[in-house]
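I opened this model to see how its parts pack together. My notes follow in the order I looked things up.

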Amino acid sequence: SLLALASPSAVITACYLATGRIAAAHEQGGELHVGEATVAAAVRESCGISRARMSALYKQLGDLGDVAQFIILASMMLT
């Protein structure tokens, strides 16, 4: 898993983001209010893939988090 490669602070951040937050639930203003299209665009831009490739991977994997993990792990194997 991608989280196994991350530092403890990165794991905490990833957990917050996976639940749509940027901070713990008891902290004010921690909600992101970001839609799926915005998340998909961020993944595409940060990973440098086309909309068509993103769409194909999403159809195959069914989850944006899985798509991002697949792309990141694939790029790590190439370097």
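Predicted model: local features only at pLDDT ≥ 70, side-chain atom pairs only at ≥ 80, totals over all residues.

**Entry 1: the buried side of α4**

I began with helix α4 and listed its buried residues: L64, V67, A68 and I71. I then looked down the axis of α4; these residues fall within an arc of 95 degrees, so they line one face of the helix.

What do the buried residues of α4 pack against? I found α2 and α3, the latter spanning 51-61.

I also checked the length of α4. Its 15 residues should span 21 Å at 1.5 Å a residue, and the end C-alpha atoms are 21 Å apart, which agrees.

**Entry 2: the whole chain**

I stepped back to count elements. The protein has 4 helices and 0 strands. From the N terminus the order is α-α-α-α. Of its 79 residues, 18% count as buried. I also looked at contacts with a separation of 6 or more: residues 24 or more positions apart account for 28% of them.

**Entry 3: helix α2**

I turned to α2 next. Its 12 residues reach 16 Å from first C-alpha to last, close to the 16 Å expected at 1.5 Å a residue.

Which residues of α2 are buried? I get A40, V43 and R44. Viewed down the axis of α2, they fall within an arc of 100 degrees, so they too line one face of the helix. On the other side of α2, E45 and S46 are exposed. The cover over the buried residues of α2 includes α3 and α4.

**Entry 4: α2 against α4**

How do the axes of α2 and α4 lie? I took α2 as residues 36-47 and α4 as residues 64-78. Their axes come within 11 Å and cross at roughly 0 degrees. Angles under 35 degrees count as roughly parallel, and α2 and α4 are therefore roughly parallel to each other.

I listed who makes the contact. From α2 come E36, V39, A40, V43 and C47. From α4 come L64, A68, I71 and I72. By class, I count 8 nonpolar residues, no polar ones and 1 charged.

I picked V43, which is found in helix α2. Is V43 buried or exposed? Its relative accessible area is 11% and the cut-off for buried is under 20%, so V43 is buried.

I then asked what V43 touches, leaving out residues up to four places away in sequence. The list is G48, M54, A68 and I71. A68 and I71 are among the buried residues of α4.

I checked the V43 and I71 pair by distance. They are 28 residues apart in sequence, and their C-alpha atoms are 9.2 Å apart in space.

**Entry 5: where I stopped**

I closed on the pair of helices. V43 of α2 and I71 of α4 both belong to their contact, and the two helices are roughly parallel.

Definitions and conventions: Residues numbered from 1 in each chain as written. Heavy atoms only, no water. Axes fitted to C-alpha atoms, helices over the stretch in contact; angles between N-to-C directions. Parallel < 35°, antiparallel > 145°, perpendicular 65-115°, else oblique. Contact = heavy atoms within 4.5 Å. Nonpolar A, V, L, I, M, F, W, Y, C, P; charged D, E, K, R; others polar. Expected span 1.5 Å × (residues − 1). Buried < 20%, exposed > 50% of the residue type's maximum accessible area, 1.4 Å probe, protein only. Arc of directions from axis to C-beta.
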